[in-house]
Amino acid sequence: MRADLAPRWRFAAMLAGFVALTALGLWWAAPDRAVVWRSWRELVALGAGPAALLAAIAAAVIAAEVYRLVVFGRVLGVPVGLRAAFDASMANNLLSWISPGGALGEPAAVYVMSRRGVPVDAALAIAFAKFATSFALIMGVACALLLGGHGPAVPRWAVVSIAVTIGFGVVLVGSFVVGALWPTAALRVLGRIERATARWGIVGRLAVRVAGVVRRSIDRLAGFRSAGVRGWLAITMSHVAYYGAYVGLLVALAHLFGARSVLEVVPIAVVYQAFTYIAPAPGIPEAGAAAFFGGLLPDGGAFVVVLLFRALTAYAQIALGLGYLAVAGMLPGILAHEPAPRSRPGTPPG
């Protein structure tokens with residue numbers, strides 16, 4: 001295989017994997033054909049008004065992601081233009097949804113921001129800080145809701161196991177943020193952990209590796225130490241706007257399809273949104289439709305709500321990112337893992 005074609009084949013494989021696994025999840029979750037057809041007729045009968053509302057909320061999700069990048073740049077003292085933020089959000093959305101574990105989303109955003117004039121070190125700090133604080137917030141809230149009984153319709157032991165797993169991630173990622181605010185104390189604690197576990201065999205080696213990840217993460221977040229109360233409030237509110245748009249879309253869909261209580265939908269929607277981020281493979285968010293929403297919606301409604309939600313978010317963001325980045329000329333560089341260009345001093349962001 002030619003070396004220049006390998007990135008395209010990898011990208012095609014990821015895209016095909018997403019489509020195949022999503023189709024499998026939809027097949028698993030789909031109710032009988034009569035229910036699907038009835039739900040389709042209900043969807044058509046909604047009319048232009050509700051359809052426009054749903055489209056507006058879906059657009060608000062993308063706008064909120066752009067806003068987050070601008071806010072993080074402003075807090076760091078590095079201007080991120082709307083063009084740079086929009087392009088980076090397109091790259092992040094596309095690669096996050098189709099790559100294993102969403103691992104390629106943030107690197108793609110860094111590459112695109114640097115192409116639009118944002119210094120590489122600043123782009124790295126912005127992307128990583130956005131991920132760390134965003135993960136800690138949504139997963140922390142989801143963990144609290146799960147332990148409070150607002151989870152999917154699965155056995156209690158399974159909910160507790162999921163909550164504990166999410167909680168570990170929250171503690172780990174939250175330590176990045178805490179360490180960035182109080183680096184001296186955090187590094188001192190890390191040193192003690194490494195010394196105390198040095199002779200613990202596999203556990204000790206794992207602790208040293210985790211400590212190394214935390215130490216490097218603290219260094220990346222160093223620029224946000226002087227953000228102050230206003231800066232951290234702006235960061236928090238940008239996340240609230242982002243996740244609020246996602247949850248708002250789910251709540252609107254559930255209301256349109258006869259949810260018995262909108263207030264009951266809100267906490268389940270928050271947990272479901274967190275679940276879509278940690279689901280080990282595409283298709284699992286679709287397959288979990290009935291587990292999350294089956295008790296709140298009429299027969300077949302859970303499947304239709306989740307399908308429309310995923311269509312207006314993940315599927316639409318993949319299609320938009322694929323088309324936009326190809327036209328903008330960014331996709332080949334992202335796929336080839338080209339090194340982000342070093343910005344010259346004074347280069348304005350796009």
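D87 counts as buried at 0% relative accessibility, where buried means under 20% relative accessible area, exposed over 50% and partly exposed in between (1.4 Å probe, protein chains only). The structure is a predicted model, in which local features need pLDDT of at least 70 and side-chain atom pairs count only at pLDDT 80 or more, while totals for chains, interfaces and linings use all residues. Residues are numbered from 1 along each chain as its sequence is written, and side-chain values use heavy atoms, with hydrogens and water left out.

D87 is found in helix α4; helices (H or I, at least four residues) and strands (E, at least two) are DSSP runs, numbered from the N terminus. Leaving aside neighbours within four places in sequence, D87 is in contact (heavy atoms within 4.5 Å) with V112, R116, Y324, L325 and M330. The side chain of D87 also meets that of R83 in a salt bridge (3.3 Å, N to O), defined as a side-chain nitrogen of Lys or Arg within 4 Å of a carboxyl oxygen of Asp or Glu. Both residues lie in α4 (residues 82–98), 4 residues apart, or about one turn of the helix. R83 is partly exposed, with 40% relative accessibility.

A search of the whole structure finds 6 salt bridges. Side chains of opposite charge can pair when their charged atoms come close. In one of these bridges, R68 and E65 are joined at 2.7 Å, N to O. R68 and E65 are 3 residues apart in helix α3 (residues 48–76), and are therefore separated by about one helical turn. R68 is buried, with a relative accessible area of 3%, and E65 is buried as well, at 1%.

A further salt bridge is formed by E106 with K130, whose closest N and O atoms are 3.8 Å apart. Because E106 lies in helix α5 (residues 105–115) and K130 in helix α6 (residues 120–147), the pair ties together parts that are 24 residues apart in sequence. K130 is buried at 3% relative accessibility. E65, R68, E106 and K130 are linked in a network of salt bridges.

In soluble globular proteins, nonpolar side chains tend to be buried together. Residues up to four places away in sequence not being counted, F293 touches L250, V265, I268, A269, Y272, A302 and V306.

The end C-alpha atoms of helix α1 are 34 Å apart, in agreement with the 34 Å that its 24 residues should span at 1.5 Å a residue; the expected span is 1.5 Å times one less than the number of residues. The buried residues of α1 are A6, P7, F11, M14, F18, T22 and G25. Their cover includes α4, α12 (284–287), α14 (301–328) and α15 (331–335).

L24 is found in α1 (residues 6–29). Together with L21, W27 and W28, L24 makes a nonpolar surface patch of about 530 Å². Patches are made of residues with over 30% relative accessible area and no salt bridge, like charges being joined within 9 Å and nonpolar side chains (Val, Leu, Ile, Met, Phe, Trp, Tyr) within 5 Å. Accessible areas come from the Shrake-Rupley method with a 1.4 Å probe; for residues, only the protein chains shown count as cover.
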